[in-house]
Amino acid sequence: MMHSTVVDKQTISSIYQPIIATTHKGIQGHAMLIGGSYGKMGSICLSSKAAIKFGCGLVTAFIPKCGYDIVQIAVPEVMVLTDDQDSCISKIHFDIVPDAIGIGPGLGQDIATQQGLYKFLKYNSIPLIIDADALNILALHSDWLSLLPPKTIITPHLKELERLIGKWNSEAELFEKTIAFSKKHQLIVVMKGAPTYIVYGELVYQNTTGNAALATAGSGDVLTGVITSLLAQSYEPINAALLGVYLHGLTADIAFPETGYQSFIASDIISYLGKAYLSLSQ
Ligand SMILES: NC(=O)C1=CN([C@@H]2O[C@H](COP(=O)(O)OP(=O)(O)OC[C@H]3O[C@@H](n4cnc5c(N)ncnc54)[C@H](O)[C@@H]3O)[C@@H](O)[C@H]2O)[C@@H](O)CC1
Ligand SMILES: Nc1ncnc2c1ncn2[C@@H]1O[C@H](COP(=O)(O)OP(=O)(O)O)[C@@H](O)[C@H]1O
Ligand SMILES: [Mg+2]
(Lines give C-alpha, C1' and ligand atoms only; values in the text may rest on other atoms or scores of the structure.)
(Ligands and ions follow the chains in the order given, each with its own letter.)
Protein backbone atom coordinates (compact mmCIF):
# COMPACT_ATOMS: atom_id res chain seq x y z
CA MET A 1 0.00 0.00 0.00
CA MET A 2 1.44 3.36 -1.04
CA HIS A 3 1.83 5.86 1.83
CA SER A 4 0.58 9.40 1.22
CA THR A 5 0.45 12.51 3.39
CA VAL A 6 -3.02 14.00 3.61
CA VAL A 7 -3.13 17.71 2.73
CA ASP A 8 -5.77 19.29 4.96
CA LYS A 9 -6.51 22.76 6.31
CA GLN A 10 -3.85 22.39 9.00
CA THR A 11 -1.12 21.56 6.46
CA ILE A 12 -2.21 24.43 4.26
CA SER A 13 -2.32 26.94 7.13
CA SER A 14 1.37 26.25 7.75
CA ILE A 15 2.19 26.98 4.08
CA TYR A 16 -0.01 30.03 3.48
CA GLN A 17 1.77 33.40 3.72
CA PRO A 18 -0.62 36.32 4.38
CA ILE A 19 -0.09 39.52 2.36
CA ILE A 20 1.94 42.21 4.11
CA ALA A 21 0.30 45.63 4.38
CA THR A 22 3.11 47.56 2.68
CA THR A 23 3.44 45.33 -0.36
CA HIS A 24 3.03 46.69 -3.91
CA LYS A 25 2.51 45.16 -7.33
CA GLY A 26 6.22 45.41 -8.11
CA ILE A 27 7.08 42.88 -5.40
CA GLN A 28 3.94 40.74 -5.49
CA GLY A 29 5.36 38.62 -8.32
CA HIS A 30 5.05 38.67 -12.11
CA ALA A 31 3.51 35.57 -13.68
CA MET A 32 3.65 34.75 -17.37
CA LEU A 33 1.22 32.38 -19.06
CA ILE A 34 2.17 31.03 -22.47
CA GLY A 35 -0.40 29.27 -24.60
CA GLY A 36 -3.53 29.65 -26.67
CA SER A 37 -4.09 28.91 -30.34
CA TYR A 38 -6.88 29.57 -32.85
CA GLY A 39 -10.12 28.35 -31.20
CA LYS A 40 -8.50 27.81 -27.81
CA MET A 41 -7.85 31.33 -26.57
CA GLY A 42 -10.36 30.76 -23.77
CA SER A 43 -7.84 28.53 -22.03
CA ILE A 44 -5.24 31.28 -21.73
CA CYS A 45 -7.91 33.83 -20.70
CA LEU A 46 -8.84 31.47 -17.85
CA SER A 47 -5.21 30.78 -16.82
CA SER A 48 -4.13 34.39 -16.85
CA LYS A 49 -7.27 35.63 -15.09
CA ALA A 50 -6.79 32.96 -12.41
CA ALA A 51 -3.18 34.09 -11.98
CA ILE A 52 -4.09 37.75 -11.35
CA LYS A 53 -7.04 36.73 -9.13
CA PHE A 54 -4.71 34.61 -7.07
CA GLY A 55 -2.66 37.53 -5.89
CA CYS A 56 0.39 38.13 -8.02
CA GLY A 57 1.13 41.77 -8.85
CA LEU A 58 1.51 41.47 -12.61
CA VAL A 59 0.48 38.94 -15.24
CA THR A 60 1.59 38.79 -18.86
CA ALA A 61 0.03 36.43 -21.40
CA PHE A 62 2.20 35.34 -24.33
CA ILE A 63 -0.13 34.25 -27.13
CA PRO A 64 -0.42 34.00 -30.93
CA LYS A 65 -1.51 37.22 -32.67
CA CYS A 66 -5.10 36.01 -33.26
CA GLY A 67 -5.73 36.18 -29.51
CA TYR A 68 -4.63 39.77 -28.94
CA ASP A 69 -8.07 41.43 -28.85
CA ILE A 70 -9.64 38.43 -27.14
CA VAL A 71 -7.33 38.46 -24.11
CA GLN A 72 -7.14 42.26 -23.84
CA ILE A 73 -10.93 42.50 -23.79
CA ALA A 74 -11.61 39.42 -21.65
CA VAL A 75 -9.02 40.24 -18.97
CA PRO A 76 -7.99 43.93 -19.02
CA GLU A 77 -5.77 43.50 -15.94
CA VAL A 78 -3.47 41.20 -17.90
CA MET A 79 -0.71 42.47 -20.24
CA VAL A 80 -0.28 40.76 -23.59
CA LEU A 81 2.73 39.91 -25.75
CA THR A 82 2.24 38.19 -29.09
CA ASP A 83 4.13 35.67 -31.16
CA ASP A 84 5.04 36.46 -34.80
CA GLN A 85 2.48 33.93 -36.02
CA ASP A 86 -1.25 34.48 -36.17
CA SER A 87 -2.84 31.17 -35.22
CA CYS A 88 -0.28 29.39 -33.03
CA ILE A 89 2.88 30.04 -31.06
CA SER A 90 6.18 29.53 -32.91
CA LYS A 91 8.90 31.67 -31.30
CA ILE A 92 8.77 32.31 -27.58
CA HIS A 93 10.82 35.49 -27.31
CA PHE A 94 10.27 38.32 -24.81
CA ASP A 95 12.44 40.87 -23.07
CA ILE A 96 10.77 40.92 -19.66
CA VAL A 97 11.81 38.74 -16.72
CA PRO A 98 8.76 37.15 -15.07
CA ASP A 99 9.16 35.33 -11.74
CA ALA A 100 7.35 32.19 -12.95
CA ILE A 101 6.05 30.86 -16.25
CA GLY A 102 3.09 28.55 -16.87
CA ILE A 103 3.07 27.03 -20.34
CA GLY A 104 0.69 24.78 -22.22
CA PRO A 105 -3.02 25.62 -21.90
CA GLY A 106 -4.55 25.71 -25.38
CA LEU A 107 -1.07 25.71 -26.93
CA GLY A 108 -1.77 23.11 -29.63
CA GLN A 109 0.89 20.80 -31.05
CA ASP A 110 1.71 22.38 -34.42
CA ILE A 111 5.25 21.54 -35.66
CA ALA A 112 6.20 25.23 -35.39
CA THR A 113 4.95 25.24 -31.79
CA GLN A 114 6.96 22.11 -30.99
CA GLN A 115 10.13 23.77 -32.32
CA GLY A 116 9.34 26.97 -30.45
CA LEU A 117 8.89 25.03 -27.20
CA TYR A 118 12.23 23.25 -27.69
CA LYS A 119 14.14 26.52 -28.18
CA PHE A 120 12.35 28.10 -25.22
CA LEU A 121 13.18 25.18 -22.90
CA LYS A 122 16.81 25.20 -24.05
CA TYR A 123 17.40 28.76 -22.87
CA ASN A 124 14.87 29.22 -20.06
CA SER A 125 15.94 29.19 -16.43
CA ILE A 126 12.80 30.78 -14.89
CA PRO A 127 10.69 28.50 -12.61
CA LEU A 128 8.16 26.63 -14.75
CA ILE A 129 4.76 24.97 -14.66
CA ILE A 130 3.98 22.76 -17.61
CA ASP A 131 0.47 21.70 -18.56
CA ALA A 132 -1.73 20.36 -21.35
CA ASP A 133 -0.26 20.55 -24.87
CA ALA A 134 3.23 21.44 -23.62
CA LEU A 135 3.11 18.08 -21.80
CA ASN A 136 1.80 16.35 -24.90
CA ILE A 137 4.72 17.78 -26.89
CA LEU A 138 7.17 16.59 -24.22
CA ALA A 139 5.58 13.14 -24.45
CA LEU A 140 6.42 13.16 -28.17
CA HIS A 141 10.05 14.21 -27.48
CA SER A 142 10.93 12.64 -24.14
CA ASP A 143 14.62 13.65 -24.49
CA TRP A 144 13.51 17.28 -24.02
CA LEU A 145 12.52 16.49 -20.41
CA SER A 146 16.20 16.91 -19.50
CA LEU A 147 15.86 20.61 -20.39
CA LEU A 148 13.45 21.29 -17.51
CA PRO A 149 14.86 23.08 -14.46
CA PRO A 150 14.77 20.96 -11.25
CA LYS A 151 11.48 21.31 -9.32
CA THR A 152 9.54 22.16 -12.46
CA ILE A 153 5.86 21.47 -11.75
CA ILE A 154 3.91 19.42 -14.27
CA THR A 155 0.12 19.15 -14.07
CA PRO A 156 -1.08 16.18 -16.16
CA HIS A 157 -4.54 14.61 -16.03
CA LEU A 158 -4.31 10.84 -16.18
CA LYS A 159 -4.39 10.65 -19.98
CA GLU A 160 -1.58 13.19 -20.25
CA LEU A 161 0.34 11.27 -17.56
CA GLU A 162 -0.09 8.04 -19.53
CA ARG A 163 1.41 9.74 -22.60
CA LEU A 164 4.46 10.61 -20.46
CA ILE A 165 5.01 7.43 -18.42
CA GLY A 166 3.17 4.75 -20.40
CA LYS A 167 0.27 2.53 -19.34
CA TRP A 168 -0.12 1.00 -15.88
CA ASN A 169 -2.01 -2.11 -14.75
CA SER A 170 -2.79 -1.15 -11.16
CA GLU A 171 -2.86 1.87 -8.90
CA ALA A 172 0.33 0.62 -7.24
CA GLU A 173 2.07 0.55 -10.62
CA LEU A 174 0.75 4.03 -11.45
CA PHE A 175 2.41 5.43 -8.32
CA GLU A 176 5.58 3.40 -8.85
CA LYS A 177 5.98 4.78 -12.37
CA THR A 178 5.09 8.34 -11.38
CA ILE A 179 7.55 8.32 -8.47
CA ALA A 180 10.30 6.97 -10.74
CA PHE A 181 9.49 9.63 -13.37
CA SER A 182 9.52 12.40 -10.75
CA LYS A 183 12.89 11.22 -9.40
CA LYS A 184 14.49 10.75 -12.81
CA HIS A 185 13.59 14.25 -14.02
CA GLN A 186 13.43 16.01 -10.60
CA LEU A 187 9.87 17.07 -11.27
CA ILE A 188 6.88 17.82 -9.05
CA VAL A 189 4.02 15.86 -10.60
CA VAL A 190 0.48 17.06 -9.92
CA MET A 191 -1.54 13.94 -10.84
CA LYS A 192 -4.89 15.60 -11.48
CA GLY A 193 -7.97 13.54 -10.72
CA ALA A 194 -10.43 12.69 -7.98
CA PRO A 195 -8.56 13.10 -5.72
CA THR A 196 -5.44 14.86 -6.98
CA TYR A 197 -2.08 13.56 -5.74
CA ILE A 198 1.14 15.57 -5.72
CA VAL A 199 4.26 13.45 -6.18
CA TYR A 200 7.74 14.75 -5.48
CA GLY A 201 10.23 11.90 -5.51
CA GLU A 202 9.22 9.46 -2.77
CA LEU A 203 6.87 12.03 -1.21
CA VAL A 204 3.22 11.56 -2.12
CA TYR A 205 0.58 14.05 -0.97
CA GLN A 206 -3.16 13.49 -1.23
CA ASN A 207 -5.37 16.56 -1.65
CA THR A 208 -8.62 16.66 0.33
CA THR A 209 -10.66 19.33 -1.47
CA GLY A 210 -12.66 19.38 -4.70
CA ASN A 211 -15.62 17.49 -6.10
CA ALA A 212 -17.22 16.43 -9.38
CA ALA A 213 -18.19 20.03 -10.19
CA LEU A 214 -14.57 20.42 -11.37
CA ALA A 215 -15.18 17.93 -14.19
CA THR A 216 -15.68 20.80 -16.64
CA ALA A 217 -13.70 22.33 -19.52
CA GLY A 218 -10.99 24.72 -18.45
CA SER A 219 -10.75 23.73 -14.78
CA GLY A 220 -7.18 22.51 -15.33
CA ASP A 221 -6.31 25.68 -17.23
CA VAL A 222 -7.39 27.65 -14.14
CA LEU A 223 -5.19 25.43 -11.93
CA THR A 224 -2.17 26.24 -14.10
CA GLY A 225 -2.80 29.96 -13.57
CA VAL A 226 -3.26 29.46 -9.83
CA ILE A 227 0.01 27.56 -9.35
CA THR A 228 1.95 29.93 -11.64
CA SER A 229 0.68 32.83 -9.55
CA LEU A 230 1.84 31.22 -6.29
CA LEU A 231 5.23 30.38 -7.74
CA ALA A 232 5.59 33.99 -8.91
CA GLN A 233 4.72 35.08 -5.34
CA SER A 234 7.84 33.21 -4.13
CA TYR A 235 6.23 30.10 -2.71
CA GLU A 236 8.55 27.07 -2.84
CA PRO A 237 7.47 24.96 -5.84
CA ILE A 238 6.15 22.07 -3.71
CA ASN A 239 4.19 24.52 -1.52
CA ALA A 240 2.82 26.32 -4.60
CA ALA A 241 1.55 22.97 -5.88
CA LEU A 242 0.01 21.91 -2.53
CA LEU A 243 -1.62 25.27 -1.78
CA GLY A 244 -2.79 25.78 -5.37
CA VAL A 245 -4.43 22.37 -5.68
CA TYR A 246 -6.05 22.73 -2.24
CA LEU A 247 -7.58 26.17 -2.84
CA HIS A 248 -8.60 25.31 -6.42
CA GLY A 249 -10.57 22.33 -5.08
CA LEU A 250 -11.95 24.33 -2.17
CA THR A 251 -13.70 26.74 -4.58
CA ALA A 252 -15.89 23.87 -5.79
CA ASP A 253 -16.67 22.80 -2.21
CA ILE A 254 -17.64 26.36 -1.21
CA ALA A 255 -19.66 26.93 -4.38
CA PHE A 256 -21.55 23.63 -4.19
CA PRO A 257 -24.54 24.80 -2.11
CA GLU A 258 -25.11 27.61 -4.66
CA THR A 259 -24.17 26.00 -7.98
CA GLY A 260 -24.55 22.26 -7.48
CA TYR A 261 -22.33 20.07 -9.66
CA GLN A 262 -23.70 20.70 -13.13
CA SER A 263 -23.85 24.50 -13.38
CA PHE A 264 -20.37 25.09 -11.98
CA ILE A 265 -17.95 26.17 -14.75
CA ALA A 266 -14.24 27.03 -14.83
CA SER A 267 -14.95 30.77 -14.48
CA ASP A 268 -16.71 29.97 -11.20
CA ILE A 269 -13.44 28.61 -9.80
CA ILE A 270 -11.99 32.08 -10.40
CA SER A 271 -15.03 33.78 -8.86
CA TYR A 272 -14.77 31.71 -5.67
CA LEU A 273 -11.00 32.03 -5.20
CA GLY A 274 -11.50 34.96 -2.80
CA LYS A 275 -13.83 32.95 -0.54
CA ALA A 276 -11.39 30.04 -0.61
CA TYR A 277 -8.53 32.30 0.51
CA LEU A 278 -10.69 33.90 3.23
CA SER A 279 -11.71 30.50 4.60
CA LEU A 280 -8.05 29.88 5.54
CA SER A 281 -8.25 32.51 8.25
CA GLN A 282 -11.62 31.32 9.66
N1 LIG B 1 -11.85 26.90 -23.55
C2 LIG B 1 -10.70 26.41 -24.00
O3 LIG B 1 -9.99 27.04 -24.78
C4 LIG B 1 -10.27 25.07 -23.54
C5 LIG B 1 -9.07 24.57 -24.00
N6 LIG B 1 -8.58 23.39 -23.58
C7 LIG B 1 -7.30 22.96 -24.13
O8 LIG B 1 -7.54 21.94 -25.07
C9 LIG B 1 -6.37 21.17 -25.22
C10 LIG B 1 -6.71 19.70 -25.15
O11 LIG B 1 -6.91 19.33 -23.79
P12 LIG B 1 -7.76 18.06 -23.38
O13 LIG B 1 -7.40 17.72 -21.97
O14 LIG B 1 -9.21 18.27 -23.68
O15 LIG B 1 -7.28 16.93 -24.40
P16 LIG B 1 -6.51 15.58 -24.17
O17 LIG B 1 -6.56 14.81 -25.43
O18 LIG B 1 -5.18 15.79 -23.57
O19 LIG B 1 -7.39 14.87 -23.08
C20 LIG B 1 -8.64 14.39 -23.39
C21 LIG B 1 -8.62 12.88 -23.24
O22 LIG B 1 -8.17 12.57 -21.93
C23 LIG B 1 -9.15 11.88 -21.20
N24 LIG B 1 -9.12 12.37 -19.82
C25 LIG B 1 -9.24 13.62 -19.39
N26 LIG B 1 -9.16 13.66 -18.03
C27 LIG B 1 -8.97 12.39 -17.64
C28 LIG B 1 -8.79 11.76 -16.39
N29 LIG B 1 -8.79 12.47 -15.25
N30 LIG B 1 -8.63 10.44 -16.36
C31 LIG B 1 -8.60 9.73 -17.49
N32 LIG B 1 -8.76 10.25 -18.72
C33 LIG B 1 -8.93 11.56 -18.79
C34 LIG B 1 -10.45 12.22 -21.91
O35 LIG B 1 -11.40 11.22 -21.71
C36 LIG B 1 -9.99 12.30 -23.36
O37 LIG B 1 -9.84 10.99 -23.91
C38 LIG B 1 -5.38 21.64 -24.14
O39 LIG B 1 -4.46 22.54 -24.71
C40 LIG B 1 -6.28 22.36 -23.17
O41 LIG B 1 -5.57 23.34 -22.44
C42 LIG B 1 -9.27 22.56 -22.59
O43 LIG B 1 -8.69 22.90 -21.36
C44 LIG B 1 -10.76 22.83 -22.58
C45 LIG B 1 -11.10 24.32 -22.57
N1 LIG C 1 -14.62 14.29 -10.32
C2 LIG C 1 -13.68 15.17 -9.95
N3 LIG C 1 -13.44 15.40 -8.64
C4 LIG C 1 -12.50 16.28 -8.24
N5 LIG C 1 -11.73 17.01 -9.10
C6 LIG C 1 -11.92 16.82 -10.41
C7 LIG C 1 -12.89 15.91 -10.91
N8 LIG C 1 -12.85 15.95 -12.27
C9 LIG C 1 -11.90 16.84 -12.61
N10 LIG C 1 -11.34 17.37 -11.50
C11 LIG C 1 -10.26 18.37 -11.45
O12 LIG C 1 -10.47 19.31 -12.51
C13 LIG C 1 -9.25 19.60 -13.17
C14 LIG C 1 -9.34 19.12 -14.63
O15 LIG C 1 -8.16 19.44 -15.31
P16 LIG C 1 -8.03 19.17 -16.88
O17 LIG C 1 -8.49 17.81 -17.20
O18 LIG C 1 -6.66 19.56 -17.25
O19 LIG C 1 -9.08 20.21 -17.49
P20 LIG C 1 -8.96 21.22 -18.74
O21 LIG C 1 -7.84 20.73 -19.61
O22 LIG C 1 -10.29 21.15 -19.41
O23 LIG C 1 -8.69 22.57 -18.19
C24 LIG C 1 -8.16 18.92 -12.37
O25 LIG C 1 -7.68 19.80 -11.37
C26 LIG C 1 -8.92 17.74 -11.72
O27 LIG C 1 -8.34 17.27 -10.54
MG1 LIG D 1 -5.91 20.35 -19.03
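A residue counts as buried if 20 or more other C-beta atoms lie within 10 Å of its own, as exposed if 12 or fewer do, and as partly exposed in between, with C-beta atoms placed from the backbone. By that rule Ile-96 is exposed, with 11 other C-beta atoms within 10 Å, whereas Ala-50 is buried, with 31 C-beta neighbours inside 10 Å. The structure is a predicted model, in which local features need pLDDT of at least 70, side-chain atom pairs count only at pLDDT 80 or more, and totals for chains, interfaces and linings use all residues. Residues are numbered from 1 along each chain as its sequence is written, while chains are lettered from A and ligands numbered from 1 in the order in which they are written.

**Helix 2**

- Helices (H or I, at least four residues) and strands (E, at least two) are DSSP runs, numbered from the N terminus.
- Because 12 of its 13 residues are buried, helix 2 is largely enclosed by the rest of the structure.
- The buried residues of helix 2 pack against strand 2 (30-34), strand 3 (58-63), helix 3 (68-74), strand 5 (100-103), helix 8 and helix 10 (266-279).
- After helix 2 comes Gly-55, which has a positive phi near 110 degrees.

**Two individual residues**

- Ala-50 belongs to helix 2; beyond its neighbours within four places in sequence, Ala-50 is in contact (C-beta atoms, placed from the backbone, within 7 Å) with Val-222, Gly-225, Val-226 and Ile-270.
- The C-alpha atoms of Ala-50 and His-248 are separated by 9.9 Å, although these residues are 198 residues apart along the chain.
- Ile-96 sits in the loop between strand 4 (79-82) and strand 5, and its C-alpha atom is separated by 9.7 Å from that of Met-32, 64 residues apart along the chain.

- Axes are lines fitted to C-alpha atoms, for helices over the stretch in contact, and angles run from 0 to 180 degrees between N-to-C directions.
- Angles under 35 degrees count as roughly parallel, over 145 as roughly antiparallel, 65 to 115 as roughly perpendicular and the rest as oblique.
- Helix 2 packs on helix 10 at about 10 degrees, with the axes 9 Å apart, which means that helix 2 is roughly parallel to helix 10.
- In this contact, Leu-46, Lys-49, Ala-50 and Lys-53 of helix 2 meet Ala-266, Ile-270 and Leu-273 of helix 10.
- Helix 9 (residues 237-259) packs on helix 10 at about 105 degrees, with the axes 8 Å apart, and is therefore roughly perpendicular to helix 10.

**Ligand shells**

- A residue is near a molecule or strand if its C-beta atom, placed from the backbone, lies within 6 Å of it.
- Ligand 1 is surrounded by 17 residues, of which Gly-42, Ser-43, Ala-132, Leu-158 and Lys-159 are the closest.
- Helix 2, helix 5 (132-140), helix 6 (158-165) and helix 8 are the elements that give two or more residues to the shell around ligand 1, and helix 6 gives the most, with 3 residues.
- Around ligand 2 there are 17 residues, and Lys-192, Ala-194, Leu-214, Ala-215 and Gly-220 come nearest.
- Helix 8 (residues 219-232) gives the most to the shell around ligand 2, with 4 residues.

How values were computed: Contact = placed C-beta atoms within 7 Å.
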